[in-house]
Structures are given as C-alpha cells and as structure tokens.
Amino acid sequence: MRIAILSGGQGGLKLFEGLRELLDPNDITIIANTADNIWLLGLYIAPDVDSATYLLSGLLDISKYWGILNDTFNAYNMIKKLGALDWFVLGDKDLAIHIVRTYMLKQGYRLTEITKYICSMLKAKGVVLPMSDTHVETHIHTDLGVLHVQEYLVKYAAKHDPEKIKVFNIEYKDIDKAYATKEVINTLNNVDAIIIGPSNPFLSINPILNIKGVKECIRKRREMGIPVIAISPIKGSKAFTGVTHILMKYLGFEQSPYSIAEIYSDIISNIIIDNSDEYLAHRIKGVLGVDVDLANIAMDSIDSKIALARRLLGIVTNYQNKNR
C-alpha cells in the first residue's frame, strides 16, 4: 500500500513512525510544508523538510522532534557570542545541512532535487518531498507586528505565553507564485491513500493545500474513490502540541475537532478523531458530510503510534472495499 502524508511539525512524523512498522517505508511519502522555511545568516533553512529527513535517516532527536540527536552547538554558541543570532538554535551537524543546501541552491538545483540528494546521502528510508520549489513564507499578523512563522513560534511563543500574543490574520506570502512540483503531483496521483497528518492546519497543512495544483489533485483523487483521511491534531479543545487551538480561538474557529473537519471538508472523505470526542461524529457527518472514525489519537508511545497506524490502514482498506 502506498501512502502520502501531508505533514508539518510533529504529528505527521509520529504517524510515519507507526506506519513504517507496518508498511515498507519506501512506500510512504512525506509531503512536507516549506512555508516555514527561512533565510538566516545567509543560509536557507527548511525545518519541516529537515525534521522529516532526519527521522527517515535515524538521526532525529525525538525528544523534541527537531534537530539531530546528540548534536553539538559550538558554531551557534560562537554566532551568539558575536551577537549575530540568539533565538534560532542551530546544531553543528544541522548547520552542515543548511550550508550544503544553500550551496546547491546557488548552483541552480531545485529544492526537491537537493532534498532527494541529502536523503540519499543520509540513507533515508522513505521519501521526503518539499511541497514546492518556490519559496513561500507564512506570516503571522499579531499585536507584536507581522512575524515570520519561525519568529512567532520560536522567538516569541516558545518563550512567552502564546495565548497572550493576539493573532489577527495568517498570510502565505508569495503563495500565488508557487506551484506544486511534478514529483508532488505524481505522488498524489499514484498513491492508494492521501493522509492529512495531525498537524497545525493553519501553519503546516493549509500552505501545502494552497499551492497551485495540490487541492485540485487531491479532490480529483477523492472523486476517483481514493480515500483522503485527516487525523485531528485536537483532542477536546486543545492540541496535543503547539498552538493550533490558540490560533483557532483568535481566527474565530470553534476549538474542537469539528473545526478540523470543517477546514478540510471540501477535500477529505474521512476524519479520525479521538474516542473521547465521539459526541461530535453525528454533527460532523450531518453538517459537513465527512465520515468519522474513532481511535486513540494520542501518539505518546511507539505502541500507540503503531495502533493508530493500524487503525488508519484498516479504514483505508474498508474504504477501498466499499468503493470498488
């Protein structure tokens, strides 16, 4: 079974950890958000692409789901001492990736080609595709000003109470100039199921869906009988990690899995929500027309990751059998 996961942040990576225990990891493609990419110190940094690459290569520090395990920070400490950057931590091995990526970009290689090369050199098991080769940035309009998503998450929200940072709007800068790569479209057209990972819809998934060609392709695949399944990043009224529920409040959405289904309702066939949110199932199906499946969606151990992956694959199989 071939699976594509739309992913950013931790949720999609945790799901991959479960799926690779049940499937050939080379049959799983992570389509990674790149709207959190950022230029810093002249280097092009791609956090979601890198986290996925490190996971597939056995390098990821899964205590925080970013960075390389047991990395050192000598270069960053010197950079900080020189007063050049003091809020975005870069490990030494991580820095090497950014240097090589930036060099290859300046040589004319596409981000997709560079990612494939790095994955090959690191012996990644699985496939990582950037959502686009065109640079897009998520900008958060707040009471502190307009912030790059990394500034919002790392410089401010991680160090302060994020609920106190008022958010007025989210902008995907230059997304109108961006197109899905041929690799992304080819993957979406050839997998057996498309999964929207349990990631932040505003900061991780919507940038992918708003790239020209992606949403149209997914919708067409659903109409052809391919399951398109979202997994809620929300249990009750709160996200497992991150600021999803906080952004929901400021952007006028109900803080519940219902809003996740609502955001994706024009493209998904199913949504998996937590067992404890079963009371929402009738409303989601009745109002939005989205089928609801229940599971324990808290991926807080390898066993729970595998259990959710097994539940997901069962839903895919049942959907395929009904739509043959």
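Reply: Val 100, Tyr 117 and Met 121 make a nonpolar surface patch of about 280 Å². Areas come from the Shrake-Rupley method with a 1.4 Å probe, and for residues only the protein chains shown count as cover. A salt bridge is a side-chain nitrogen of Lys or Arg within 4 Å of a carboxyl oxygen of Asp or Glu.

The model is predicted: local features need pLDDT of at least 70, side-chain atom pairs count only at pLDDT 80 or more, and totals for chains, interfaces and linings use all residues. Residues are numbered from 1 along each chain as its sequence is written, and side-chain values use heavy atoms, leaving out hydrogens and water.

Tyr 117 sits in helix H5 (residues 111-121); helices (H or I, at least four residues) and strands (E, at least two) are DSSP runs, numbered from the N terminus. With a relative accessible area of 39%, Tyr 117 is partly exposed (buried is under 20%, exposed over 50%, partly exposed in between, with a 1.4 Å probe and protein chains only).

Elsewhere, three strands form an open sheet in the order S7-S6-S8, with antiparallel pairing (two strands pair if DSSP finds at least two bridges between them). Strands S7 (145-148) and S8 (167-173) are the edges, each pairing on one side only. Four bridges join S7 to the antiparallel strand S6 (residues 137-142), and His 141 has Val 146 in S7 as its bridge partner.

Conventions:
Patches are made of residues with over 30% relative accessible area and no salt bridge: like charges are joined within 9 Å, nonpolar side chains (Val, Leu, Ile, Met, Phe, Trp, Tyr) within 5 Å.
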